[in-house]
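Reader: I have a new structure to look at, and I would like to learn how to read its features. Could you take me through some of them?

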Amino acid sequence: MLGFADRVVIGDTAQPHTLEKLRMDMELSDIDGRVSVVRLAGRLDAAGAERIGLRFTAGVVAQARPALVDLSGVSFIASMGIRLLISSAKGLKAKGATMVLYGAQPMVQDVLEQAALDQILDIVASEADALARLAG
Amino acid sequence: MRLELPAATASVERARRAVHEFLAPHALTPQQVYAVEVVLEEALMNIVMHAFPKPEGHGIELVVSIDDEQVVLRFEDDGIPFDPLSIDAPPRPASIEQAEPGGLGLLFVRERSRSLVYERRDGRNVLTVALSRE
């Protein structure tokens with residue numbers, strides 16, 4: 001397994017597994033200090049994007065290094081969530097680094113593709129694929 | 001069902017729960033539920049963000065109905081006249097540098113609706129979105 005240093009857990013973590021996670025959570029870590037890893041869980045709707053926006057931007061853009069974003073825990077995304085991903089990817093690109101999204105659930109993936117995000121960002125299935133994409 | 005909501009972000013979650021409860025007996029597919037949620041989120045946030053220079057004291061009326069063929073969501077507000085259908089979809093960006101974050105909400109609603117109608121009626125914005133159950 002990858003070594004996660006600098007692990008920060010934000011938000012409520014004691015949700016019953018049977019219920020859909022409503023509040024957006026974000027967990028920030030890194031791989032050997034070279035790659036940022038952001039795991040998102042919950043609904044990335046307007047309220048969710050508002051809730052994590054500043055921390056997401058700080059965790060991704062301010063680090064100025066490649067970033068992997070794990071969407072596997074995201075049950076819903078719409079335009080405000082996409083806006084956060086685009087603005088952060090754009091900010092990171094301006095610093096010379098790329099952002100890779102992975103693990104999106106099918107209905108979330110549909111929304112990403114409708115927004116044509118798959119045309120301008122790497123969107124892959126797994127963390128291993130995401131790491132391979134960064135390496136390639 | 002009919003719901004009066006304050007013009008605030010928190011209204012989206014309130015509406016979502018009420019609409020879920022209302023639609024529960026009708027056994028929609030997960031894709032249909034997701035589509036309803038996208039429409040709720042985008043239409044309500046559009047009103048919250050654009051309809052009122054000062055949202056305090058203003059409300060949104062949401063009416064939802066369902067039959068065998070479709071789910072219809074009607075959004076009404078007394079904000080400034082604004083036809084969301086007059087806004088063009090953002091151009092498809094060729095690169096992340098060119099991407100403009102925004103303008104996608106209406107695109108998502110269009111993609112999921114079988115009909116989408118805007119009217120300015122008695123000083124109110126009325127947006128009616130019908131989603132197919134097929």
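Reader: Where do Arg17(B) and Glu13(B) lie?

Author: This is a predicted model, so please read every value as computed from it. An α-helix has 3.6 residues a turn, so residues three or four places apart point the same way. Here Arg17(B) and Glu13(B) both sit in helix H1 (residues 10–23) of chain B, 4 residues apart, which is about one turn of the helix.

Reader: What do Arg17(B) and Glu13(B) form?

Author: Side chains of opposite charge can pair when their charged atoms come close. In this case Arg17(B) makes a salt bridge with Glu13(B), with 3.0 Å between the closest N and O atoms. Arg17(B) counts as partly exposed because its relative accessibility is 48%.

Reader: Are Arg39(A) and Asp70(A) buried or exposed?

Author: Both Arg39(A) and Asp70(A) are buried. For another salt bridge, look at Glu119(B) and Arg121(B), where the N to O distance is 2.8 Å. Glu119(B) is partly exposed, with a relative accessible area of 31%, and Arg121(B) is partly exposed at 35%.

Reader: Why is helix H3 of chain B largely enclosed by the rest of the structure?

Author: A residue is called buried when its relative accessible area is under 20%. In helix H3 (residues 104–112) of chain B, 7 of the 9 residues are buried, so the rest of the structure largely encloses this helix. Among the buried ones are Leu104(B), Phe108(B) and Arg112(B). Their cover includes helix H2 (79–94) and helix H3 (106–114) of chain A, along with helix H2 (30–50), strand S4 (115–121) and strand S5 (124–132) of chain B.

Reader: Which residues gather in a patch of negative charge on the surface?

Author: Asp67(B), Asp68(B), Glu69(B) and Glu134(B) gather there. You will find Asp68(B) in the loop between strand S2 (59–66) and strand S3 (70–77) of chain B. Asp68(B) counts as exposed because its relative accessibility is 72%.

Conventions:
Residues are numbered from 1 along each chain as its sequence is written. Chains are lettered from A and ligands numbered from 1 in the order in which they are written. This is a predicted model: local features need pLDDT of at least 70, side-chain atom pairs count only at pLDDT 80 or more; totals for chains, interfaces and linings use all residues. Side-chain values use heavy atoms; hydrogens and water are left out. Patches are made of residues with over 30% relative accessible area and no salt bridge: like charges are joined within 9 Å, nonpolar side chains (Val, Leu, Ile, Met, Phe, Trp, Tyr) within 5 Å. Accessible areas come from the Shrake-Rupley method with a 1.4 Å probe; for residues, only the protein chains shown count as cover. A salt bridge is a side-chain nitrogen of Lys or Arg within 4 Å of a carboxyl oxygen of Asp or Glu. Lys and Arg count as positive and Asp and Glu as negative; His and the chain ends are not counted. The place of a charge is taken as NZ of Lys, CZ of Arg, CG of Asp or CD of Glu. Helices (H or I, at least four residues) and strands (E, at least two) are DSSP runs, numbered from the N terminus. Buried means under 20% relative accessible area, exposed over 50%, partly exposed in between (1.4 Å probe, protein chains only). Contact means heavy atoms within 4.5 Å.
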